[in-house]
Amino acid sequence: MVDRGSPDLLSTINRSPSTTLWGMKLYTKTGDGGTTGLYGADRVSKANIRVEAYGTVDELNSAIGLARAHNTRSHKPDPALDADLEYLQNALFDVGADLATRSGTTYEKKITRMDEQDTAFIEAMIDRYQEAAPPFTGFVHPGGTPAAASLHVARTVARRAEREVIRLLHEEDANAHVQVYLNRLSDLLFVMARAANQSAGIEEHAWLVKGRR
């Protein structure tokens, strides 16, 4: 049933190809030439290193969303894990806004830059999940439950996002706390995956050095 306080999406979309939803167009055509706008109206190439950085953070957010979906639809969903992943998704919007806003612009006052407090919060989460995970003795194969496997994928995207931010820091002025935050976040996603498998009773498989021969 459609909420009486909201427009019927299907009928609204079918009325016109330039339909607006709640006052915002889904498409603007301004990026058809291969450029996009940073927060602050500066237009840059969509291949710009800053765009690559916050675009990869967006990809990371989506990967975490997939992990949340697998967790909440499993036979044994973990509400605490879901709440923590929701927190991370919201935080990653802040990370993206941080990266999309150059220092010194008037728009800077509208965002909250990442700082040491954000990293400390992630470290506290790591300590909490480590208590629920088996002792770490070496590299393990990514996998296990769908939720855990998705968290492993998110971990690798977090590492890539970190590398993109490092490249950005080499070329432009940006918030270095973002790189540290993403570094810790990848560690958190790793231990979250291990804790999820432990909770599900899934045994991890260790890397067998030279095991292919």
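View 1. The model shown is predicted. Along the sequence, the elements follow the pattern α-β-β-β-β-α-α-α-α-α. The chain has 213 residues, and 36% of them count as buried. It exposes about 13,000 Å², of which carbon and sulfur atoms supply 54%. Among contacts with a separation of 6 or more, 69% are between residues 24 or more positions apart.

**View 2. The largest nonpolar core of the chain, with 43 residues.** The members that touch the most other members are Leu60, Leu88, Leu188, Leu189 and Met192. Two or more residues of this core come from each of α2 (49-72), α3 (79-100), α4 (116-132), α5 and α6 (176-200). The most is given by α6, with eleven residues. In soluble globular proteins, nonpolar side chains tend to be buried together.

**View 3. Leu88 and its contacts from other parts of the sequence.** Neighbours within four places in sequence are left aside here. Leu88 is then in contact with Ile64, Ile122, Tyr181, Leu185, Leu188, Leu189 and Met192. Of these partners, Leu188, Leu189 and Met192 are also among the core residues that touch the most other members, as is Leu88 itself.

**View 4. The packing of α2 against α5.** The axes of these two helices are 8 Å apart, and the angle between α2 and α5 is about 170 degrees. Angles over 145 degrees count as roughly antiparallel, so α2 and α5 are roughly antiparallel to each other. The crossing in which α2 passes α5 is left-handed.

**View 5. The packing of α2 against α6.** The axes of α2 and α6 come within 13 Å and cross at roughly 20 degrees. Angles under 35 degrees count as roughly parallel, and α2 and α6 are therefore roughly parallel to each other. The contact is made by Val57, Leu60 and Ile64 on the α2 side, and by Leu182, Leu185 and Leu189 on the α6 side. Here too, α2 passes its partner α6 in a left-handed crossing. Two residues of this contact, Leu60 and Leu189, are also named among those that touch the most other members of the largest nonpolar core.

**View 6. Ala149 in helix α5.** Helix α5 covers residues 146-171, and Ala149 lies in it. The relative accessible area of Ala149 is 27%, so this residue counts as partly exposed. Ala149 and Ala196 are 47 residues apart in sequence. In space, the distance between Ala149 and Ala196 is 9.5 Å, C-alpha to C-alpha.

Notes. Residues numbered from 1 in each chain as written. Predicted model: local features only at pLDDT ≥ 70, side-chain atom pairs only at ≥ 80, totals over all residues. Heavy atoms only, no water. Helix = DSSP H or I, 4+ residues; strand = E, 2+ residues; numbered from the N terminus. Buried < 20%, exposed > 50% of the residue type's maximum accessible area, 1.4 Å probe, protein only. Core = buried A, V, L, I, M, F, W, Y, C linked by side-chain atoms within 4.5 Å. Contact = heavy atoms within 4.5 Å. Areas by Shrake-Rupley, 256 points an atom, 1.4 Å probe, with all protein chains shown as cover. Axes fitted to C-alpha atoms, helices over the stretch in contact; angles between N-to-C directions. Parallel < 35°, antiparallel > 145°, perpendicular 65-115°, else oblique. Left-handed = near helix turned anticlockwise from the far one by under 90°.
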